[in-house]
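Work through the exercises below with the model open beside you. Each task is followed by a stepwise solution.

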There are 2 protein chains.
Amino acid sequence: MELKEAQEKFISAWGAFGTQWGINRTMAQIHALLLVSEDPLSADDIMQQLNISRGNVNMNVRELMSWGIVHKVLKFGERKEFFTAEKDIYKTAIQILKERRKRELVPVLELLSDLEKQEIKEEGGEQFKKLMGDISRFGESTNKMLDKMVKADEHWFTGSLMKFLIKK
Amino acid sequence: MELKEAQEKFISAWGAFGTQWGINRTMAQIHALLLVSEDPLSADDIMQQLNISRGNVNMNVRELMSWGIVHKVLKFGERKEFFTAEKDIYKTAIQILKERRKRELVPVLELLSDLEKQEIKEEGGEQFKKLMGDISRFGESTNKMLDKMVKADEHWFTGSLMKFLIKK
DNA sequence: CTAAACTTTCAAAAATTTTTGAAAGTTTAG
DNA sequence: CTAAACTTTCAAAAATTTTTGAAAGTTTAG
């Protein structure tokens with residue numbers, strides 16, 4: 001197989017998987033493209049390689065930067081901005097975990113604890129509050145666990161945690 | 001606050017969060033509705049409470065069943081089918097983890113190991129294969145970890161794992 | 001078997017999300 | 001300051017996803 005063919009396979013598959021994860025196809029493809037490209041790419045490079053418009057590149061690259069998994073690189077003597085993806089896959093995964101925790105889990109926990117605190121006198125109210133409490137407690141545990149993972153270093157993930165999980 | 005109001009808040013918030021997770025709004029809302037409803041509901045009940053069409057209810061309920069987090073309940077003397085959500089939130093979460101692992105992670109791992117095995121002689125080929133290998137290895141670790149979590153029991157999650165994670 | 005009571009399917013419509021590309025904005029070289 | 005080289009914005013168009021609801025299919029009571 002040719003390198004280019006393999007890269008294209010990877011980019012398009014990554015894009016398809018992205019959509020299942022609530023990320024849009026193009027954003028995932030840009031990420032994949034930057035991952036497989038040794039050197040940083042300019043907006044024009046991305047436009048040309050993925051066949052998408054300038055506005056589209058701009059929007060998605062900025063979104064990827066807001067996730068902290070793509071960075072702007074400036075080259076001397078060039079006015080254009082270039083972009084690279086974080087090449088360390090562990091760092092990338094932790095970064096995504098961190099952001100999702102902040103953007104998605106934390107707001108849910110806030111809503112749940114708010115509903116749990118409400119005074120509901122009607123029949124069934126206690127049961128509803130118990131459900132909110134159950135979900136809330138489960139979410140808090142997950143939250144703590146993720147926080148721990150995010151703050152740990154790579155050695156911890158591949159080392160102690162894996163050992164702990166594999167044993168028994 | 002009234003019970004009904006609190007329930008509606010929960011349902012609509014759950015729906016909104018669902019969309020961020022690649023699940024559609026209605027499916028998440030039906031799930032939330034079934035969670036807060038003590039008794040099983042029929043398709044008509046769901047239609048009426050969420051104001052959606054029969055076809056829509058049918059599709060989404062079946063999808064929820066395929067995820068294994070909603071079950072069909074038959075009542076004696078009734079021809080209608082009724083549905084409930086798994087009320088144990090831990091079981092629900094594990095079930096979702098299990099399905100996502102199977103539907104999303106496993107196919108990615110297959111693609112990666114396929115690309116890693118390719119013969120690519122061109123310049124840059126080795127580097128590309130290294131990237132595939134890195135992602136692959138990371139994915140395999142995650143896969144093992146999730147598998148372990150899925151197979152463990154609840155006590156393990158709230159007990160040993162949490163203790164392990166919280167300490168130092 | 002028949003008809004009533006349901007569930008399922010699916011093409012068309014509606015809603016939502018994504019993309020385009022031109023116009024506006026910004027920065028820098030000279 | 002000016003103009004060229006860029007980046008950003010945003011309304012309209014395109015693409016995609018979701019929803020509707022009527023028709024088809026299935027099951028069960030009698």
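**Exercise 1: the sheet of chain B**

In β3(B), B:F82 is the bridge partner of B:S42. This is a predicted model, where local features need pLDDT of at least 70, side-chain atom pairs count only at pLDDT 80 or more, and totals for chains, interfaces and linings use all residues. Residues are numbered from 1 along each chain as its sequence is written, while chains are lettered from A and ligands numbered from 1 in the order in which they are written.

Task: find the strand order in the open sheet of chain B and state the sense of the pairing.

Solution. 
- Step 1. Strands (E, at least two residues) and helices (H or I, at least four residues) are DSSP runs, numbered from the N terminus. Two strands pair if DSSP finds at least two bridges between them.
- Step 2. Take β1(B) and β3(B). They are joined by 2 bridges and run antiparallel.
- Step 3. Take β2(B) and β3 (residues 81-85) of chain B. Here 5 bridges join the strands, again antiparallel. B:H71 has B:T84 as its bridge partner in β3(B). B:V70 stands opposite B:A85.
- Step 4. Assemble. The order is β1-β3-β2, an open sheet of 3 strands with antiparallel pairing. β1 (41-42) and β2 (70-74) of chain B are the edge strands, each pairing on one side only.
- Step 5. Axes are lines fitted to C-alpha atoms, for helices over the stretch in contact, and angles run from 0 to 180 degrees between N-to-C directions.

**Exercise 2: the hairpins**

Task: which residue takes a positive phi in the hairpin of β2(A) and β3(A)?

Solution. 
- Step 1. Set up the pair. Strand β2 (residues 70-74) and strand β3 (residues 81-85) of chain A pair in the antiparallel sense over 5 bridges. A:L74 stands opposite A:E81.
- Step 2. Look between the strands. There are 6 residues there, and A:G77 has the positive phi, near 75 degrees.
- Step 3. Check chain B. The hairpin of β2(B) and β3(B) has 6 residues between the strands, with B:G77 at a positive phi near 75 degrees.

**Exercise 3: a helix pair**

Task: describe how α1(B) and α2(B) pack, by angle and axis distance.

Solution. 
- Step 1. Two packed helices are described by the angle between their axes and the distance between the axes.
- Step 2. Read them off. The angle is about 145 degrees, and the axes of α1(B) and α2(B) are 7 Å apart.
- Step 3. List contacts (C-beta atoms, placed from the backbone, within 7 Å). α1(B) contributes residues including B:F10, B:W14 and B:F17, and α2(B) residues including B:M27, B:H31 and B:L33.
- Step 4. Sort by class. Ala, Val, Leu, Ile, Met, Phe, Trp, Tyr, Cys and Pro count as nonpolar, Asp, Glu, Lys and Arg as charged, and the others, Gly among them, as polar. The contact of α1(B) with α2(B) has 9 nonpolar, 6 polar and 1 charged residues.

**Exercise 4: the two protein chains**

Task: how are chains A and B related, and what does chain B bring to the contact?

Solution. 
- Step 1. Superpose by least squares on the C-alpha atoms of residues with pLDDT of at least 70 in both copies. A rotation of 180 degrees with 0.0 Å of shift along its axis puts chain B on chain A, at RMSD 0.0 Å.
- Step 2. In chain B, the C-alpha nearest the axis belongs to B:G22, at 2.1 Å.
- Step 3. Compare surfaces. 100% of the contact residues of chain B recur in chain A.
- Step 4. Count. 43 residues of chain B are in contact with 43 residues of chain A. α6(B) gives the largest share of chain B's side, 11 residues. That side of chain B divides into 25 nonpolar, 9 polar and 9 charged residues.

**Exercise 5: the DNA strands**

Solution. 
- Step 1. Define near: a C-beta atom, placed from the backbone, within 6 Å of the strand.
- Step 2. 19 residues surround DNA strand D, with A:G55 and B:N24 among the closest. α4(A) gives the most, 4 residues.
- Step 3. Of the 19 residues around DNA strand C, A:N24 and B:G55 are among the nearest. α4(B) gives the most, 4 residues.
- Step 4. Classes. The surface near DNA strand D has 3 nonpolar, 9 polar and 7 charged residues. The surface near DNA strand C has 3 nonpolar, 9 polar and 7 charged.

Technical notes: Two residues are in contact if their C-beta atoms, placed from the backbone, lie within 7 Å.
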